[in-house]
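User: Hi! Could you walk me through the packing and pairing in the structure I am about to share?

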Amino acid sequence: GSSTVFPISEAMAEEFQFSNPDTRVTVGVSGSGGGFAKFCSGETDISNASRAIKEEEAANCEAAGIAFIEVPIAYDGITVVTSIANDWAQCLTVEELNRAWAPEAEGTVTSWNQIRADFPNEPLALYGPGTDSGTFDYFTDEVNGEEGASRGDYTSSEDDNIVVQGVESSNGGLGYMGFAYYAENQGNLNPVEIENDVGECVAPSLETISDGSYSPMSRPLFFY
């Protein structure tokens, strides 16, 4: 399932196999949606997800005779990142993120100064998860007001490491990913503070994700 939850799944699989040496656990990444497709067709025993299961996915499980339990396992903060060359985008509002990522921005919003007038005329290079990703679903819902609504002219991958590499290599790069992938690469990326609903610019951290102040980018993670 989810690439965001993958490190947790991989660690749990290793621990289980260490304690049960006659077992073998295979862990794969396909995005939350891809994981639910396999789970509800009986191909996998456990599915991880960075969003809750959708009604139609639950209906597919029921139709296939698959009963499941939902286990919240952690909280994550979707982390918006720029390259370390970016010294202008310290804090962004949800409205400014929408300006960059909205469907109508496709082919028209191509420079940072179109996001905010006092930003430089630097080409905008966007990187993010693919459409099977729960991170994509959550981000588009919060930023663009509809799950799945996004411009399509960006570099997408279900592998967050590809997003990391893309942003890192572009002066005008802008991307989003699960917090763990930023934490592993924080020397190579700048985290962007997000203005929350009380007007505070808040950076993602273990503390701000846990206490809810990193809003609206904090979300629960699940095992099914």
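Analyst: Happy to. A residue is called buried when its relative accessible area is under 20%, exposed when it is over 50%, and partly exposed in between. Please keep in mind that this is a predicted model.

User: Thanks! Which residues of helix 1 are buried, and what does their arc say about the helix?

Analyst: Under that cut-off, the buried residues in helix 1 are Phe6, Ser9 and Ala13. An α-helix has 3.6 residues a turn, so residues three or four places apart point the same way. Looking down the axis of helix 1, the buried residues fall within an arc of 60°, so they line one face of the helix.

User: What does the face of helix 1 turned away from the buried side carry?

Analyst: That face has exposed residues, which is to say over 50% relative accessible area. They are Glu15, Phe18 and Ser19.

User: How far apart are the end C-alpha atoms of helix 1, and what span should its residues give?

Analyst: Helix 1 has 14 residues, and at 1.5 Å a residue they should span 20 Å. The model agrees with this, as the end C-alpha atoms are apart by 20 Å.

User: Which elements give two or more residues to the nonpolar surface patch?

Analyst: The patch is formed by Ile8, Met12, Ile69, Val71 and Ile73, which together have about 420 Å² of accessible area. Two elements give two or more residues to the patch: helix 1 (6-19) and strand 2 (71-77).

User: Is Ile73 buried, partly exposed or exposed, and what is its relative accessible area?

Analyst: Ile73 is found in strand 2. Its place on the scale is partly exposed, because its relative accessible area is 31%.

User: On to the rings: what kind of pair do Trp101 and Tyr154 make?

Analyst: The whole structure holds 11 aromatic pairs. For Trp101 and Tyr154, the ring centres are 5.1 Å apart and the planes are at 75°, so the pair is edge-to-face. Trp101 lies in helix 4 (residues 94-101) and Tyr154 in the loop between helix 5 (134-144) and strand 6 (155-156), so the pair ties together parts 53 residues apart in sequence. Both residues are buried, and the pair type is edge-to-face.

User: And what kind of pair do Phe222 and Tyr224 make?

Analyst: Phe222 and Tyr224 are both buried. Ring pairs also link them with Phe36, Phe39 and Phe68 into a cluster. The centres of the Phe222 and Tyr224 rings are 5.9 Å apart and the planes are at 45°, so the pair is tilted.

User: How many residues apart in sequence are the parts tied together by Glu96 and Arg116?

Analyst: The side chains of Glu96 and Arg116 meet in a salt bridge, 2.7 Å from N to O. Glu96 counts as buried at 8% relative accessibility, whereas Arg116 is partly exposed at 27%. Glu96 lies in helix 4 and Arg116 in the loop between helix 4 and strand 5 (125-128), so the parts that the pair ties together are apart in sequence by 20 residues.

User: Last one: which peptide bond is cis?

Analyst: Pro216 is found in the loop between helix 8 (206-211) and strand 11 (218-223). With omega near 10°, the cis bond is the one from Ser215 to Pro216.

Technical notes: Residues numbered from 1 in each chain as written. Predicted model: local features only at pLDDT ≥ 70, side-chain atom pairs only at ≥ 80, totals over all residues. Heavy atoms only, no water. Patch = residues over 30% accessible without salt bridge, like charges linked within 9 Å, V, L, I, M, F, W, Y side chains within 5 Å. Areas by Shrake-Rupley, 256 points an atom, 1.4 Å probe, with all protein chains shown as cover. Salt bridge = Lys/Arg side-chain N within 4 Å of Asp/Glu carboxyl O. Helix = DSSP H or I, 4+ residues; strand = E, 2+ residues; numbered from the N terminus. Buried < 20%, exposed > 50% of the residue type's maximum accessible area, 1.4 Å probe, protein only. Phe/Tyr/Trp six-rings, centres within 6.5 Å; stacked < 30°, edge-to-face > 60°. Expected span 1.5 Å × (residues − 1). Arc of directions from axis to C-beta.
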